[in-house]
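Please look at the sequence and the model below, and keep both in view while reading.

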Amino acid sequence: MIRFVDLGRQYKSIEAEVRPAMDAVLNNTAFILGSPVEAFEREFAAYCGVEHCIGVANGTDALAIACAALDVGPGDEVIVPANTFIATALGASHLGAKIVLVEADETTNLITAEGIAKAITPRTKVVIPVHLFGKPVDIAPIVELCSSKGIAVLEDTAQAHGARYKGKRAGSFGTVSAFSFYPGKNLGAYGDGGAIATNDAALAKKIRLLRDLGQERKYVHTVKGYNSRLDGLQAAVLSVKLRHLDAWNARRREIAARYDKLFAEMGVKTNSASSGESVHHLYCIEVDDRDAVTPILDERKIGWGIHYPTPMHMHPAYADLGYREGDFPLAERWSRRTLSLPMFAEMTDEEVDRVADAVRSAVTVGV
Ligand SMILES: *Cc1c(COP(=O)(O)O)cnc(C)c1O
């Protein structure tokens, strides 16, 4: 059996480091915020090459609190890719902003400055580019476009911890960026976790208030905040795992390169192209008849996923936006054709070959 993501293997490989780190938190009872969180925030800021990192409860909150700190509210428009995880948009929606979707580039499946430019109006407050599947968006032209118009860029870096664009880390380009440490992410906690990164000291200060009930100090509430704090156990796990992240990402690149070669040989379309150094959070291929491939994967006990089966505008939750089927043909086409294959650092070459073999046999029977 080859799982889609095998977190157990990773745990076994770091158990000896992670257990003492968790025990230390249990012994000093720094359960919420406190020194383990502060240490991780410093380490992760340094890793990303940003001045400030603020730990929060999850990636969805990271996006929401970043939007709140940017004063997103009713009357504002926030630009989001049509093909992303719904969490990219939820925070802005909850603050009363209108979500404006843009189609991604056909080859990279990432949004571009050209696509965004067409969607900008005088009401556009924030653009949220998503480094989808671990692939860095071509972010420099987006930052340039937005800064010329006074629009903030909020990078959704939930899938791209450690990815690089022009030598710098994803999440260090925008006004602010949001990370998720959901267990299956490239850097994942043992529960929920998230972080917000920024080089803007005033914004960082506001975010620190917002994540902790708006408290300047205990019971002194200067803004209407959220309860969205990273906990000490998660921070301790994340500090241990951060030390392995580059090696894990390097192994993901090897796996992706092996997949790329095998699929190129069999003429199967892959989705590895990006504008920088991907960390391959997901490995996606495109097939004409997905329903003919997945039973073969199931039969051979190989995990798979679909990212994402429903484009943003087709979610019942976003029916209020008034979009219709056909409005984002590329995102719709992608949602019907994409198939994500097992991808995690502990996969062996032999397993990669077995996955590719399964796809090959599906393709040869005429898929
Ligand atoms: C995982 C993810 C999120 C949300 O993170 P959670 O920690 O699960 O709340 C947001 N955006 C993208 C692109 C994601 O993949």
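## Around helix H9

Just after helix H9, Lys-301 takes a positive phi of about 55°, in a model that is predicted. Helix H9 itself covers residues 290–299, and within this helix Arg-290, Val-293, Thr-294, Ile-296 and Leu-297 are buried. An α-helix has 3.6 residues a turn, so residues three or four places apart point the same way.

What do the buried residues of H9 pack against? Their partners are helix H10 (329–337), strand S14 (338–341) and helix H11 (349–364). The face of H9 turned away from the buried side carries Asp-291 and Glu-299, which are exposed.

Between S12 and strand S13 (residues 283–286) the antiparallel pairing runs over two bridges, and Lys-269 has Glu-286 in S13 as its bridge partner.

## Salt bridges

Side chains of opposite charge can pair when their charged atoms come close. How many salt bridges does the structure hold? There are 22 salt bridges in the structure, and one of them joins the side chains of Asp-246 and Arg-169, with a distance of 3.5 Å from N to O. Asp-246 lies in helix H8 and Arg-169 in strand S7 (residues 168–169), so this pair ties together parts that are 77 residues apart in sequence. Asp-246 is partly exposed, with a relative accessible area of 38%, whereas Arg-169 counts as buried at 10% relative accessibility.

Arg-251 is buried, with a relative accessible area of 16%, and salt bridges that share partners join Arg-251, Glu-254, Arg-258, Asp-349 and Asp-353 into one network.

## The end of helix H7

Asp-212 forms a salt bridge with Arg-229, and their closest N and O atoms are 2.8 Å apart. Asp-212 lies in the loop between H7 and strand S10 (215–217), while Arg-229 lies in the loop between strand S11 (220–221) and H8, so that the pair links distant parts of the chain, 17 residues apart. Asp-212 is buried, with a relative accessible area of 15%, whereas Arg-229 counts as partly exposed at 24%.

Arg-211 has its place in helix H7 (residues 201–211) and is buried, with a relative accessible area of 7%. Leaving aside residues up to four places away in sequence, Arg-211 touches several residues, including Leu-33, Glu-41, Tyr-226 and Arg-229.

## Asp-6, before helix H1

Asp-6 is found in the segment before helix H1 (7–28). Is Asp-6 buried or exposed? With a relative accessible area of 12%, Asp-6 is buried. The side chain of Asp-6 reaches the backbone nitrogen of Gly-8 at 3.3 Å, and this side chain also makes a polar contact with the side chain of Arg-9 (3.2 Å). Not counting residues up to four places away in sequence, Asp-6 touches Phe-344 and Glu-346.

Note on methods
Residues numbered from 1 in each chain as written. Predicted model: local features only at pLDDT ≥ 70, side-chain atom pairs only at ≥ 80, totals over all residues. Heavy atoms only, no water. Buried < 20%, exposed > 50% of the residue type's maximum accessible area, 1.4 Å probe, protein only. Helix = DSSP H or I, 4+ residues; strand = E, 2+ residues; numbered from the N terminus. Contact = heavy atoms within 4.5 Å. Pairing = 2+ DSSP bridges. Polar contact = N/O pair within 3.5 Å; in protein donor to acceptor, adjacent residues only side chain to side chain. Salt bridge = Lys/Arg side-chain N within 4 Å of Asp/Glu carboxyl O.
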